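Welcome! Here is a short tour for anyone meeting this structure for the first time. Take a look at the model, then read on.

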Amino acid sequence: MNLFNRLPNSRTEPPGLERRVWRALPGVLALGTMLPAIYILLLHLLTLDSGEGMARKVEMSRYLATGAILFNWMIVMQAAILCAIVMVMKGHGYVADAYKLPDSPSPRQ
């Protein structure tokens with residue numbers, strides 16, 4: 001028996017919220033990466049000739065922006081994994097998914 005044969009009477013569910021989220025993920029990833037990066041770039045350009053105190057604040061802002069970018073990447077990756085799981089689970093059932101219970105009314109000893 002081929003493992004990739006569809007089970008009889010298995011059906012797919014129509015796409016729902018997971019498809020809309022899946023399509024929005026590249027935009028969220030780009031926007032969440034570019035906004036902190038542009039902020040740090042502008043901050044560096046505006047404070048080129050500033051003193052030591054301002055350089056420390058710019059450095060701290062860089063760390064915060066890096067953390068925001070990494071946090072965005074993690075959230076997008078988790079959402080992508082979740083959407084992929086939901087899309088797979090909404091698909092057809094295959095022979096490998098079938099589990100036939102024994103017909104015995106009592107368990108074996």
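Two packed helices are described by the angle between their axes and the distance between the axes. Please keep in mind that this is a predicted model. The protein chain has 2 helices and 0 strands, and the packing of helix H1 with helix H2 is at an angle of about 175°.

**The chain as a whole**

- The protein chain has 109 residues, and 17% of them count as buried.
- Among contacts in the protein chain with a separation of 6 or more, 86% come from residues 24 or more positions apart.

**How the two helices pack**

- Helix H1 covers residues 17–46 and helix H2 covers residues 52–89; their axes lie 9 Å apart.
- Angles over 145 degrees count as roughly antiparallel, and H1 and H2 are therefore roughly antiparallel to each other.
- In the contact of H1 with H2, the residues divide into 22 nonpolar, 5 polar and 3 charged.

**A closer look at helix H2**

- With 38 residues at 1.5 Å a residue, H2 should span 56 Å, and this agrees with its end C-alpha atoms, which are 56 Å apart.
- Which residues of H2 are buried? They are Val58, Ser61, Ala65, Ile69, Asn72, Val76, Cys83 and Met87.
- These buried residues of H2 pack against H1.

- Ser61 is in helix H2. Because its relative accessibility is 16%, Ser61 counts as buried; the cut-off for buried is under 20%.
- Leaving aside residues up to four places away in sequence, Ser61 touches Tyr39, Ile40 and Leu43.
- Ala68 also has its place in helix H2. Its relative accessibility is 36%, so Ala68 counts as partly exposed.
- How far apart are Ala68 and Thr33 in sequence and in space? They are 35 residues apart in sequence, and 8.3 Å apart in space from C-alpha to C-alpha.

Note on methods
Residues are numbered from 1 along each chain as its sequence is written. This is a predicted model: local features need pLDDT of at least 70, side-chain atom pairs count only at pLDDT 80 or more; totals for chains, interfaces and linings use all residues. Side-chain values use heavy atoms; hydrogens and water are left out. Axes are lines fitted to C-alpha atoms, for helices over the stretch in contact, and angles run from 0 to 180 degrees between N-to-C directions. Helices (H or I, at least four residues) and strands (E, at least two) are DSSP runs, numbered from the N terminus. Angles under 35 degrees count as roughly parallel, over 145 as roughly antiparallel, 65 to 115 as roughly perpendicular and the rest as oblique. Ala, Val, Leu, Ile, Met, Phe, Trp, Tyr, Cys and Pro count as nonpolar, Asp, Glu, Lys and Arg as charged, and the others, Gly among them, as polar. Buried means under 20% relative accessible area, exposed over 50%, partly exposed in between (1.4 Å probe, protein chains only). Contact means heavy atoms within 4.5 Å. The expected span of a helix is 1.5 Å times one less than its number of residues.
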